[in-house]
Amino acid sequence: MFMTQVVSNQLQDRIFSIKTELYGSLSHTGRGHGTDKAIILGLLGEEPDKVDPDRIPELLSQVEQDEQIRVNDEINLQFKVKKDLVWHKRKKLPLHSNGMQFTALDKAGNELLRKAYYSVGGGFILAHTHMAQEHIMEDDTALPYPFTSGDELIELCHQHDMTIAQIMYANELTWRNQDEIDQQLDTIWEAMQACVQRGIKADGVLPGGLKLIRRAPKIFRDLDQRSEKDLSDPLTILDWINMYALAVSEENAAGGRVVTAPTNGAAGIIPAVLHYYKEFTPNSTHQGIRDFLLTAAAVGILYKTKASISGAEVGCQGEVGVASSMAAAGLAAALHLNPDEVENAAEIAMEHNLGLTCDPIGGLVQIPCIERNAMGSIKAINAVRMADRNEGTHTVSLDKVIRTMKQTGDDMKEHYKETSRGGLAVNIIEC
């Protein structure tokens with residue numbers, strides 16, 4: 001985004017170097033989250049869905065060695081990682097805890113362009129100028145089935161005798177055709193499967209000071225000696241679900257490709273529950289997988305617009321909690337539960353993640369993040385079981401639990417919101 005601004009301002013012939021500054025939570029946990037690596041790759045012109053994960057170490061090493069960044073094979077910039085990537089741990093930008101600022105400089109060190117951006121959760125980035133406006137300009141496209149709350153969504157389902165997935169699909173048709181929608185849904189699912197496959201094959205130690213050994217490959221080897229359907233131990237199914245979630249979360253911790261669903265730190269939950277649906281539920285179908293993703297997306301929209309999916313804003317309830325809620329809704333839909341039961345499953349999953357703090361040890365997305373993905377997956381599946389038994393009747397609505405989550409996050413101390421200055425992050429002594 002910043003380099004696009006450089007070009008649009010016709011500064012490509014004058015720019016000599018670039019300075020990147022990270023603020024607030026982004027500076028406290030950025031190294032552990034791979035933020036520095038992501039910024040360098042972004043300046044190189046790489047895109048997250050296209051970059052070859054196996055080439056990332058080589059690309060980063062080349063920048064450090066040459067002290068240069070070559071943008072899209074066109075612009076050569078001086079970039080000394082230790083000097084030009086600055087971590088302001090005691091400063092925050094005014095509008096969000098996850099703030100970053102880029103400055104383009106000429107050869108004499110004069111400022112050519114400066115822009116601030118905020119990472120607001122789920123892979124979404126907003127420029128400071130947009131964040132500062134009272135109302136961010138929204139897409140005003142007229143949708144056939146608009147909704148701004150869970151109650152409105154369920155009412156649409158009742159009124160038109162449609163599922164949540166059908167509502168979402170019809171709305172998506174406003175922007176793209178059927179083939180494009182199907183292709184994108186399948187691409188997301190394929191990326192999730194590829195991530196699991198990489199995660200179960202990549203033995204070794206995860207990067208960072210905790211020296212955590214990957215667990216998913218060993219669990220897979222143990223389970224692979226038995227059939228997935230061999231449930232002589234009734235808890236074997238939990239081992240498979242845990243393995244799927246750990247595989248993705250360990251790939252995330254290692255800088256591999258994951259699907260942001262709704263965040264990278266919670267990226268293991270939806271793939272794990274989807275694999276559970278595909279491998280362990282009778283009569284699973286490809287359409288069921290698409291319905292799962294569409295329904296999960298509908299629930300994700302509600303959290304994104306009514307609360308937050310940023311650990312820096314509301315704690316881990318906004319990441320693992322939301323992912324668990326989305327996965328529960330998706331699984332319930334894929335299993336053909338009715339819209340009221342789907343909404344109930346989503347509510348149950350979040351209700352039992354309320355107050356979950358974001359306290360990564362050492363700023364790394366490893367402890368407790370990796371295991372939380374496994375636990376969030378199990379909670380999602382159990383939420384569906386409970387909703388199925390409730391037959392759609394429940395006291396707390398999804399809207400009410402979303403509102404409660406937002407209030408809880410607002411009341412939570414900053415120490416417990418992705419700063420690594422509270423909770424487990426300060427109660428574990430590194431030796």
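## Basis

The model is predicted: local features need pLDDT of at least 70, side-chain atom pairs count only at pLDDT 80 or more, and totals for chains, interfaces and linings use all residues. Residues are numbered from 1 along each chain as its sequence is written, and side-chain values use heavy atoms, with hydrogens and water left out.

Helix names follow DSSP runs, numbered from the N terminus (helices are H or I, at least four residues; strands are E, at least two).

## Largest cavity

Rolling a probe the size of a water molecule over the atoms shows where empty space is left. A cavity here is a set of points, on a 1 Å grid over the protein atoms alone, where a 1.4 Å probe fits but cannot get out; lining residues have an atom within 4 Å of a point. Grid points are joined across faces, edges and corners, and a volume is the space filled by probe spheres set on the points. The whole structure holds two cavities of 30 Å³ or more.

The largest cavity has a volume of about 50 Å³. Its lining consists of Gly150, Leu153, Ile154, Ile164, Val299, Leu302, Val342, Glu343 and Leu398. Three helices each supply at least two of the lining residues: α7 (150–160), α13 (286–306) and α16 (339–351). The largest share, three residues, comes from α7. By class, the lining of the largest cavity has seven nonpolar, one polar and one charged residues. Ala, Val, Leu, Ile, Met, Phe, Trp, Tyr, Cys and Pro count as nonpolar, Asp, Glu, Lys and Arg as charged, and the others, Gly among them, as polar.

## Second largest cavity

The second largest cavity contains about 40 Å³ of space. It is lined by Ser249, Asn252, Asn264, Gly265, Ala267, Gly268, Val365, Cys369, Ile370 and Asn373. Two elements give two or more residues to this lining, α11 (236–253) and α17 (369–390). α17 gives the most, with three residues. Four of the lining residues are nonpolar, six are polar and none is charged.

## Second largest pocket

A pocket is an open set of grid points with protein on both sides within 12 Å along at least five of seven lines. The second largest pocket holds about 270 Å³. Sixteen residues line the second largest pocket, and the closest to its centre are Thr281, Pro282, Leu335, Leu337 and Arg385. α12 (269–280), α15 (320–334) and α17 each give two or more residues to the lining. Here too α17 gives the most, with five residues. The lining of this pocket divides into nine nonpolar, four polar and three charged residues.

## Helix packing

Axes are lines fitted to C-alpha atoms, for helices over the stretch in contact, and angles run from 0 to 180 degrees between N-to-C directions. Angles under 35 degrees count as roughly parallel, over 145 as roughly antiparallel, 65 to 115 as roughly perpendicular and the rest as oblique. Contact means heavy atoms within 4.5 Å.

Helix α8 (residues 164–172) packs on α13 at about 80°, with the axes 8 Å apart. α8 is therefore roughly perpendicular to α13. Ile164, Ala165, Met168 and Tyr169 of α8 meet Asp291, Leu294, Thr295, Ala297, Ala298 and Ile301 of α13. This contact has eight nonpolar, one polar and one charged residues.

With α11, the angle is about 140° and the axes are 8 Å apart, so α11 is oblique to α12. The contact includes Trp240 and Tyr244 of α11, and His275 and Phe280 of α12. It has 10 nonpolar, one polar and one charged residues. The axes of α9 (residues 178–199) and α12 come within 10 Å and cross at roughly 95°, so α9 is roughly perpendicular to α12. Trp189, Met192, Gln193 and Val196 in α9 meet Ile270, Pro271, Leu274, His275 and Lys278 in α12.

## Backbone geometry in loops

Two cis peptide bonds deserve mention. One runs from Ala261 to Pro262, with omega near -5°. Pro262 lies in the loop between α11 and α12. Another joins Ile367 and Pro368, with omega about 5°. Pro368 sits in the loop between α16 and α17.

Asp161 has a positive phi, near 55°, in a residue other than glycine. Asp161 lies in the loop between α7 and α8.
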